[in-house]
Structures are given as structure tokens and as C-alpha cells.
Amino acid sequence: MTDVVNTLWGFCHTLRHDGIDYGDYIEQITYLLFLKMADERGIELPKGCDWPTLRDTTGTELLDHYIDVLRTLGRQPGILGAIYSGSQSRFNNPVNLKKLLGLIDETEWTSLGVDVKAAAFEGLLEKAASEGKKGAGQYFTPRLLIQAIVRCLKPDPRAHLEFTVCDPACGSGGFLMCAYEWLMEQTKGGALDRTTSKRVKAKTYFGQDLVARPRRLALMNLYLHGLAPDVRLGDAIYEAHDGRRFDVVMTNPPFGTKGANQAPERDDFTIATSNKQLNFVQHVMTILKPGGRAAVVVPDNCLFADQAGEVFKILTEECDLHTVLRLPNGTFSPYSPGTKTNVVFFRKGVPTETVWIYDARTNVPHITKKDRPLTTEHFAEFKNCYGSDPNGRAKRKPKDSKDDRWRPFTIAEVQERHFKIDSLKWLKDTSLEDGDDLPEPEELATDAIAELQGAIDELNTVLAALENGNGVKAEEAELLKVAEPGGEYGKP
């Protein structure tokens with residue numbers, strides 16, 4: 001598998017001279033791999049669009065034929081048309097296209113195991129991400145993190161006949177793929193009856209993404225698993241909810257807080273805000289079935305930003321926010337190393353009584369791609385603390401030591417902090433006392449910007465209230481008080 005990735009990736013550097021960037025390269029491989037695997041499986045394609053015809057064409061005719069193939073396939077119904085919709089050739093040199101066809105043709109892709117095929121494709125995505133923010137990092141979530149979340153939530157389609165799993169910001173489909181892989185592990189390779197197998201492959205996994213390229217990659221990536229998912233192109237936040245609800249939602253919305261600089265006009269959003277992260281939290285609450293469970297990756301600013309308290313107040317009233325995982329610094333290296341992130345786990349339909357927080361960040365060495373990579377050990381203790389119940393109802397016990405990473409907070413304590421989850425901290429960060437172990441400059445800058453933006457947002461809220469003649473609410477007055485030097489939240 002590594003050889004396949006290295007061979008294909010090595011050729012990417014050659015294509016850079018043909019004006020094809022990393023993202024374009026991955027996309028072109030998506031188109032070609034599909035054709036190769038369709039040929040291996042004997043799937044009938046429109047005349048002239050099959051792999052042997054494309055592979056055996058040469059010279060300038062190859063470029064023209066490839067363009068015709070993409071155009072024809074994009075007009076087809078079903079997953080074929082979805083993958084190729086809007087597809088365009090990025091090749092200017094027929095020699096480069098011919099060589100890539102040869103590289104792909106060397107591997108019998110359908111003879112590889114499901115995990116190997118997916119790992120090869122994900123290896124390409126990860127390499128693209130490592131090349132910088134212009135790579136695939138915008139829609140790539142570390143596989144180890146996804147696996148840890150999936151193993152906590154246990155998205156088992158065998159629970160009932162209409163069980164569904166959704167990622168409303170699916171990117172390249174990592175959560176959906178790992179959910180299926182987890183099922184294969186539980187069934188020892190897919191020991192499902194014919195009816196269940198058919199339902200799982202076509203009516204269980206759902207996704208959506210705003211951008212065509214990651215959505216296309218998700219379709220291809222899931223196809224490598226033998227799935228025919230429903231992955232739609234559209235804006236999950238600003239478009240009206242289509243009424244569909246799901247048993248399990250797992251998602252990592254794109255980083256950044258500002259949406260279209262205006263609040264979505266949606267009746268199902270209780271709190272009107274332009275904050276994209278907070279809107280995704282509200283969206284997940286909407287699309288969950290009663291009793292459904294969710295895990296959402298959110299940056300720190302989503303837990304303390306303007307209106308965060310209002311959104312999480314609603315969340316704790318309508319859902320059981322039973323667990324929060326503070327992720328290690330650098331979890332999303334190399335493409336977003338300075339962003340501090342968390343995973344919030346909740347179940348719809350039961351009000352929150354206790355929020356358990358696992359701090360996997362404080363006094364943990366910063367994750368780096370080469371020297372200190374993310375490993376399964378970073379999540380091993382958390383998974384044990386989470387327990388075997390996917391709804392977070394397993395019997396839990398705090399540790400004896402005050403320095404332990406696992407601690408419960410009652411809903412009353414959360415309310416005292418005005419539902420600002422980020423303020424629920426107890427471990428002292430000793431790394432700040434060691435000049436040789438200070439965070440990276442980019443991380444310090446990110447923290448400073450986030451803190452300043454949060455303060456500005458809070459002050460704007462108070463100013464707006466004053467301008468409207470409403471005076472200052474008690475909560476806002478409290479926020480001003482604790483924001484003062486020596487205020488409660490400013491204490492070390």
C-alpha cells in the first residue's frame with residue numbers, strides 16, 4: 001500500500017510543472033481510479049468511456065477523448081453522474097496523462113482489501129494535506145481521531161431497520177468510512193444477511209458538503225468501500241432543513257467562525273448568530289432523531305465566543321451534553337497547528353445533569369507530524385473513561401487525584417459559568433512556566449486573536465443592548481465584571 005501511495009504521489013511532483021496542484025491531482029486520480037475499478041468489476045459504462053479505451057488512446061487524441069469521457073459520465077444518473085458532475089480535465093500534456101494511466105493500471109485495485117484500498121487513497125489525501133493549507137487539509141480529519149469518536153458512539157445499523165448515520169460537513173467522507181469499517185470489525189468482515197447488507201450499503205450513510213471537490217472525493221472514497229451513499233452538495237447551514245433526521249451524527253465542520261456574515265434564516269435555530277460553528281451545533285441538534293447521539297468537533301472559540309453560552313444553554317436543556325474531550329494541541333497539524341479543538345458528545349431528548357470533561361491537552365506535548373505524531377495512546381485513556389455505553393450513560397467515576405484529566409461538572413456549575421464550557425478548567429498548565437517548553441509562536445498568536453475576538457464580541461453585545469435602550473442584562477454585567485483585571489475568569 002505504501003508503495004502504491006509513494007508511486008502515485010511521486011508523480012504528482014512531476015505534474016506540478018504541468019500546472020496541476022495537489023488538490024487537482026487528487027481529483028484527477030479520483031476520476032481515473034473509478035474507471036479502473038469499474039473495469040475490474042465488469043461494470044458497464046457508456047460506450048467509449050471504459051478504462052481499456054482510455055488507456056489505449058495516445059497522443060493529442062488522448063486529451064480530447066479524456067475530456068469527452070468526463071463530459072459523458074457527468075450526464076449519467078446515480079453515483080456515476082454524481083462523481084463526474086462538473087468534472088474537468090486538468091491535463092495539458094498527453095504524456096503526463098498517459099503516464100498516470102500507466103501507473104494506475106499497474107495495480108489491481110479490487111484485489112486489495114477494503115482497508116488497504118481506503119488507506120491508499122487516504123494516504124494521498126494526507127500527503128496533500130502535509131504540503132500545506134493549499135492541499136487537502138481543508139477537508140481532512142486525522143483518522144485516529146475519527147476512529148476514537150466512532151468507537152465511542154458505536155454507530156450500529158443492526159440496531160433497527162431505519163438506522164442512519166450522517167455527517168453534514170463530510171469532506172472526503174472519513175467519518176462515514178470509519179463508521180462502516182467499525183461495522184465490518186464488529187461483524188468480522190461483513191457477516192450480514194442479504195437484506196441488511198443491501199440496506200447498509202445504500203440506505204444507511206448520509207453526508208453533505210458545501211464544496212464540490214471534497215464531496216466528489218467522499219463519493220469516490222466510499223465507493224472504494226463498496227458503498228452507494230447519499231452525499232449531497234449544498235450548504236447545511238444556510239439552506240432550509242429538508243426534514244431528514246438521523247440516529248448518529250458525527251462531524252468536523254470547517255474551522256473558522258464567520259459564515260456569510262449574517263444569521264441563517266431558519267426557524268429551527270433558536271439563537272440567531274453568524275457564527276458558523278455555533279450554527280453547526282444547532283444544525284446537529286435539528287437533524288438528530290429523538291434519542292439520537294452526536295459528536296461534533298469544535299474549536300475553543302466555539303465554547304467561549306459571543307452567544308456560545310446561549311447556544312449551549314439550549315443544548316443542555318434539549319440534550320444530554322454528557323462528555324467533552326479537549327484535544328491535544330496540534331491535533332490538526334500540519335494544516336491547522338495553532339487551532340485548539342474539542343469534541344462535544346451529546347444525546348438528544350434528555351436534559352443535561354452532568355458534563356464530564358476529559359482534558360487531553362494540558363501538559364501534553366504539542367503534536368507534530370514528524371517528531372510527536374498523534375497516536376492511539378492519546379485517546380486510549382479517554383475511551384476507557386467514556387465507557388461502553390455509546391449514549392454516555394456508563395457508570396463513571398472521577399479519579400482521586402485533583403490533577404487527573406477526567407472530571408465531572410454539575411449543570412449548576414455549568415450555569416455558574418454562563419454555559420461557557422471553555423471556562424470549566426482545573427489543571428494548571430506547567431508548560432507555561434518553562435521557557436524552553438512554550439507553545440509555538442503560531443499557537444500563541446492564534447490564542448491571542450481568539451481571546452481578543454471573544455472580548456470584542458462580548459463588548460459588542462453589551463453596546464448593542466445599550467444602544468437599543470435595553471440597559472445591561474445581569475449576565476452581561478457579570479461578564480464585564482469578570483473580564484476586569486483580576487476578574488474570576490482572568491485568574492490563573
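Author: pLDDT is the predictor's confidence in each residue, from 0 to 100, and a contact means heavy atoms within 4.5 Å. This is a predicted model, in which local features need pLDDT of at least 70, side-chain atom pairs count only at 80 or more, and totals for chains, interfaces and linings use all residues. Residues are numbered from 1 along each chain as its sequence is written, and side-chain values use heavy atoms, without hydrogens and water.

Reader: Over residues 472-492, how many contacts beyond four places in sequence does the model have, and what is the pLDDT there?

Author: The pLDDT stays under 50 over residues 472-492, and the model has 24 such contacts for them. Where pLDDT is low, the predicted coordinates should not be read in detail.

Reader: What makes the largest nonpolar core a core, and which residues have the most contacts inside it?

Author: Such a core is a set of buried (under 20% relative accessible area, 1.4 Å probe, protein chains only) Ala, Val, Leu, Ile, Met, Phe, Trp, Tyr and Cys residues joined through side-chain atoms within 4.5 Å. The largest has 88 residues, with the most contacts inside it made by I149 and F345. Helix α2 (residues 22-40; a DSSP run of H or I, at least four residues) gives the most to this core, with 11 residues.

Reader: Why are β3 and β9 said to stand at the edges?

Author: Two strands (DSSP runs of E, at least two residues) pair if DSSP finds at least two bridges between them. β3 (230-233) and β9 (406-410) each have a single partner strand, so one side of each is left without a neighbour in the sheet.

Reader: How do you know that β6 and β7 are paired?

Author: Strands β6 (residues 319-326) and β7 (residues 341-348) are joined by 6 bridges and run antiparallel, which meets the requirement of at least two.

Definitions and conventions:
Buried means under 20% relative accessible area, exposed over 50%, partly exposed in between (1.4 Å probe, protein chains only).
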